[in-house]
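User: I'd like to learn how to read a few features of a model like this one. Could you walk me through them?

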Amino acid sequence: AAADSQALKIGSGWAWEAGPAMAAACPPTTRFHPVHGANVCLDASRTQATRVESFAHGLCFSHEPLAPGQVFLVEIAEKELGWCGHLRVGLTAQDPRGLAPVPEYSLPDLVNLGDSWVFAITRNHNRVSPRGAEEQVSAGARGFLLSPYLRIEHVRLPRDQLVGRSRPGRYSHILDELYRANVIPATARRSRIGVLYTLQPDGTADMHVVINGEDMGPSARGLPASRPLYAVVDVFASTKSVRLIQLEYGFPSLQTLCRLAVQKHVVHRLAIDGLHLPQLLKNFCKDE
């Protein structure tokens, strides 16, 4: 059985897949690197990045290099009208500590330094051609289907956490379905965008971008998996602020299972307020 198991180191813990089950040690807490663009302000926990002025100098990085299969997931917390352009994400083999000064833009400045792969987030996301027919995506592979997990090669991620949610309100039950079906624009407020890489047999890595629970396919191939790869988030133009989402790897927590059970049996999240539950649990079930 051990030979059939796929081991995957994720930060300080290990996640593995053996048949239908996957377990994990305590997942790592993701934070932004203290090195960032001149116009970026991080909150005290370094889990929210806000561009405080202008439209550029918004580069941010993950505090630690990502492990294979570890997704660096952000939610668009605030937009700013009047600018053209949106969030950009990717990976870099450049150590942020060696970037002095931090480039003004991810595209083209950071990419021109070499060993960086960054793309502007759009619905028609950049994809590289498939390796073979076995990688062709079937029509049923898009959007939110029956599986509670998103599978990218040997990586399995809890889809519920990858998808944005509206604020509880009059139309939240409609908006939440649009997030789940990935109809909401990729850079809409509360959309969730993640970046990760997967190891390949030739010793390189493929970079994947995930938008609201949908894998956009390999965006870049041939990344140097032998070198540390940091996540890149460029809080650019109309994207004003992003916050990190801490993903639960492996089995969902009891809290998450309770939230899913409650949400399954109510018309929409506003109805949670009428339940005889503690307020903190109501807020968690509404994902506030």
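User: Let's begin with strand pairing. Which residue in S5 does Leu42 stand opposite?

Analyst: First, the general idea: side chains in a regular strand alternate between the two faces of the sheet. Now the case here, bearing in mind that this is a predicted model: Leu42 stands opposite Ala49 in S5. The two strands involved, S4 (residues 40–42) and S5 (residues 48–51), are antiparallel and share three bridges. They make a hairpin with five residues between them, and Arg46 in that turn has a positive phi of about 60°.

User: Which strand does S5 pair with over three bridges, with residues 239–244?

Analyst: That's S16, again in the antiparallel sense. Look for Gln48, which stands opposite Arg243 in S16.

User: On to helices. Which residues of H3 are buried?

Analyst: The general idea is that an α-helix has 3.6 residues a turn, so residues three or four places apart point the same way. In H3 (residues 172–180), the buried ones are Ser172, Asp176 and Tyr179. They span an arc of only 55° around the axis, so they sit on the same side of H3.

User: Cys60 and Cys84: buried or exposed?

Analyst: Cys60 has 1% relative accessibility, so it counts as buried. Cys84 is exposed, with a relative accessible area of 75%.

Notes: Residues numbered from 1 in each chain as written. Predicted model: local features only at pLDDT ≥ 70, side-chain atom pairs only at ≥ 80, totals over all residues. Heavy atoms only, no water. Buried < 20%, exposed > 50% of the residue type's maximum accessible area, 1.4 Å probe, protein only. Helix = DSSP H or I, 4+ residues; strand = E, 2+ residues; numbered from the N terminus. Arc of directions from axis to C-beta. Pairing = 2+ DSSP bridges.
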